[in-house]
Amino acid sequence: MRSEQYSLKQRAEVHIDDLRKIVDPTVFEFQTTEEVPELNTIIGQERGSTVMRFGLQVQKAGYNIYVSGIPGTGKTTFTHSIIDEIAKKDVELFDWCYVYNFSNSYKPKSLQLPVGYGKRLQADMEKLVENMLTDIPSAFNEEAYQTERASIVREHKEASRKVFERLNELAKSHGFVVRQSSSDYVSIPLDEEGKPMSEEQYKSLSEEELSAIKAKSADLEVEVLKFSKEFQDVEEETEKRIEQLDERIALNAIGHRIEKMRNSYADCQVVLDYLQEVEDDILKNVSDFLVDDEEQHPLNALLSSKQQSDFTIKYQVNLLVDHSETSGAPVITADNPTFYNLIGRVEYENRMGMMATNFTKIKPGFLHEANGGYIIIQARDILTRSYAWEGLKRALHTRKLSIDNIGEHAGLMTTTSLNPDAILLDVKVIIIGNREIYQVLHFYDEDFSKLFKIKADFDVEMDYSVENMSRLASFIHTHCKANDLLHFDREAVAKMVEYSSRIAGHQDKLSTQFNHIVEIIYEADTWAKMENASYVTADLVIKTIRENEYRSNLIAEKMQEQIAEKHILIATEGSTVGQVNGLAVYSTGQYMFGKPSRITATTFVGQNGVVNIESKSKLSGNIHNKGVYILSGYLGEQFAQTHPLALTANLTFEQSYGGVDGDSASSTELYALLSSLADVPIDQGLAVTGSVNQKGEIQPIGGVNEKIEGYFEVCEQAGLTGRQGVLIPHQNVRNLMLKRHVVDAIKDGMFHIYAVKTIEEGIELLTGMKAGTKSEEGNYESSTVFNKVATKLKRYLDHATAANGMQNKKED
């Protein structure tokens, strides 16, 4: 039996060369990273790179891109680099302006202009207004204008006089004279001498005379109405002539300037249309440019200036987007993608307690600036800003940018505001986030899959190859050069490769979580400069990794102290029935570490099957519960083919006061259960990790390095005996990248790692007793663990049957 056990241990023990992958520095042809070329592409993300390049080339609606991956894989840096590269190509861009709408001031007009025209038009209109403010008043102050206007006024007075004379002649024939009041014409009766009656004369008239005068007055009023129309015609004709004169003078003053602008923008119809509207409005409102004598008073100077500023605003141009200095397509990073920062806004100012605005207060958003190019947004940023995500989706759906008041979307009462013309939108949106956010959006937002048809996945690992190792060396060189760091010698680069493989948790992979690599590069440079070294060496890299770990492992050390002081009970020697050292991984955010946990099982006659105490205490997660349910399936297949199980078994993680989840301890729990049923003790020097299925096959788990190292520290502190070790799933051998001091202890025979494929192999290693093979009759050979288990379960069934029989007799 001992020879069989020794043979099994030999077969199962992991070879020293498989415990850690060592990088030979001579695979590198350089001596230091000074000699390697700079990195000009991303490392290990061929899939993500290919998808990104394709997605950026598709110029169809809905082909926006979601870049998915965990933080630190370089997805943000790569996204910027590849977009910057593609954005260098020439694209058709436009300047965008808002101008005054002379038909509806609440709806400013948008102008789509060729690149450079926006700035030109803005400057030309400013110059035009400046010239108008001097040219128009000057033209109206010229003697020629004054003479012609005076002539029109004289002609008006003469025409009015002639009409008035005719009116008075008619009035005299009726016994009246007509006098003009401030607002109307008044008829006064004449006396016998043909002179206007005085008030005393009028009062002395008899009733008959008064009645006669009133009758004549009524007849006269009918005739006066006819003359009133003539007076109005004369007035209107005069006003029309003065208006035409003013327009002609104003046009003479500014017409040549507007015509010059028309020639300058002859190839841009929207500007020509706008200039025509400007000209029409100027001629219609010439009086705005003329300063009355009253306004010349010093007390009115400030008010006059304000009024002048207000009326000239409508001739300004609000240059919203200017691409006159843009090379290639615009690339915008939306670092604070609020609703207004994305879509744009209309700003207000306080004027004497009133909130006022106009089209010059329209401000662009990130999407305006990115129009015709690319915008990069972090998923978490936009999803945590109120209404920003909805605003982006609406813009992408309509392919237009409408500047709205957020109060309208919130259902709040809003004041009257501007409603600017929508701007055509042509932009490629790249959202960067993790896989969890992608899944939530994909399944719960029906618009997401329509708008973001491209998903670029960034992997967390890449193949372990000389090519990728050389690229990692170039990555180090690039950071050293860009940040004035000391370069690494090739032995140090070899240690960085090993560290990368450790992060990846796989001997045949390298990590693409470059944020961890960059941390070590920066910190190793600091340690090297503190020691006045010329280069970063392998020893400095090892020290850096150790110090980096030291800064974060306080909790791990405290737990280690509790185990050493027996506050947490962990046995590393001896044998105990129904008790196994399980292994768990803890995370404090930046640091992961493993520690053992005592798992115990008790078994007795009953009908409850396998009871998960953690689950009963509501400390167990769903995956852990599933792992425990699988144990019942295994026991049933192995030991209950001919009779039922009359068993109650309690399983628990001793001294566990927090939640437990995951199935990596399910094989450990099964070993404890089998030991309790067989009354066979388990070697406490061995710890176990591994998942199990209903067929008894051991399945791989995560965090194998941390688990092994955590148990090794406990054993080392208690004293290594040469019999201690860890059972791991055989599939996890390729994940081993153990620390050097653990490998050295294993090499010296003071610690062991066993790769296990089945429960049978594991129970034999733990107990030193053969598991047992089932015969065709369904029986296990004697003196085996499974035979003892089967015997115990049969005895439980007999006791349960007998107890049920006695209970039935009592009831009878």
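This is a predicted model: local features need pLDDT of at least 70, side-chain atom pairs count only at pLDDT 80 or more; totals for chains, interfaces and linings use all residues.
**Nonpolar cores**

The largest nonpolar core contains 41 residues. Within this core, the residues with the most contacts are Leu635, Leu670, Tyr671 and Leu674. At least two core residues come from each of α1 (2–12), α23 (622–639), β23 (647–653), α24 (666–678), β25 (686–688), β29 (752–756), α27 (759–767) and α28 (785–811). Helix α24 gives the largest share, 7 residues. Beyond its neighbours within four places in sequence, Leu635 touches Val610, Ala640, Leu645, Leu647, Leu670, Leu673, Leu674 and Leu677. Another core, of 40 residues, lies apart from this one, and Leu342, Phe359, Val427 and Ile431 are among its members. In soluble globular proteins, nonpolar side chains tend to be buried together.

| Pair | Angle | Axis separation | Crossing |
|---|---|---|---|
| α2 and α3 | about 40° | 11 Å | right-handed |
| α24 and α27 | about 60° | 10 Å | right-handed |

Helix α2 spans residues 46–57 and helix α3 residues 75–86, and they pack at an angle of about 40°. This angle makes α2 oblique to α3. On the α2 side, the contact is made by Gly48, Ser49, Met52, Arg53, Leu56 and Gln57. Helix α3 contributes Phe78, Thr79, Ile82, Ile83, Glu85 and Ile86. By class, the contact of α2 with α3 consists of 6 nonpolar, 4 polar and 2 charged residues.

Helices α24 and α27 pack at about 60°, and are therefore oblique to each other. From α24, the contact takes in Ser667, Leu670, Tyr671 and Leu674; from α27, Ile759, Gly762, Ile763 and Leu766. The contact of α24 with α27 has 6 nonpolar residues, 2 polar and no charged. Leu670, Tyr671 and Leu674 of α24 take part in this contact, and these residues are also listed among those with the most contacts inside the largest nonpolar core.

**Thr767**

Thr767 is part of helix α27. Its relative accessibility is 18%, so Thr767 counts as buried, the cut-off being under 20%. Leaving aside neighbours within four places in sequence, Thr767 is in contact with Val680, Pro681, Ile682 and Val785.

Methods
Residues are numbered from 1 along each chain as its sequence is written. Side-chain values use heavy atoms; hydrogens and water are left out. Axes are lines fitted to C-alpha atoms, for helices over the stretch in contact, and angles run from 0 to 180 degrees between N-to-C directions. Helices (H or I, at least four residues) and strands (E, at least two) are DSSP runs, numbered from the N terminus. Angles under 35 degrees count as roughly parallel, over 145 as roughly antiparallel, 65 to 115 as roughly perpendicular and the rest as oblique. A crossing is left-handed if the near helix is turned anticlockwise from the far one by less than a right angle, and right-handed if clockwise. Contact means heavy atoms within 4.5 Å. Ala, Val, Leu, Ile, Met, Phe, Trp, Tyr, Cys and Pro count as nonpolar, Asp, Glu, Lys and Arg as charged, and the others, Gly among them, as polar. A nonpolar core is a set of buried Ala, Val, Leu, Ile, Met, Phe, Trp, Tyr and Cys residues joined through side-chain atoms within 4.5 Å. Buried means under 20% relative accessible area, exposed over 50%, partly exposed in between (1.4 Å probe, protein chains only).
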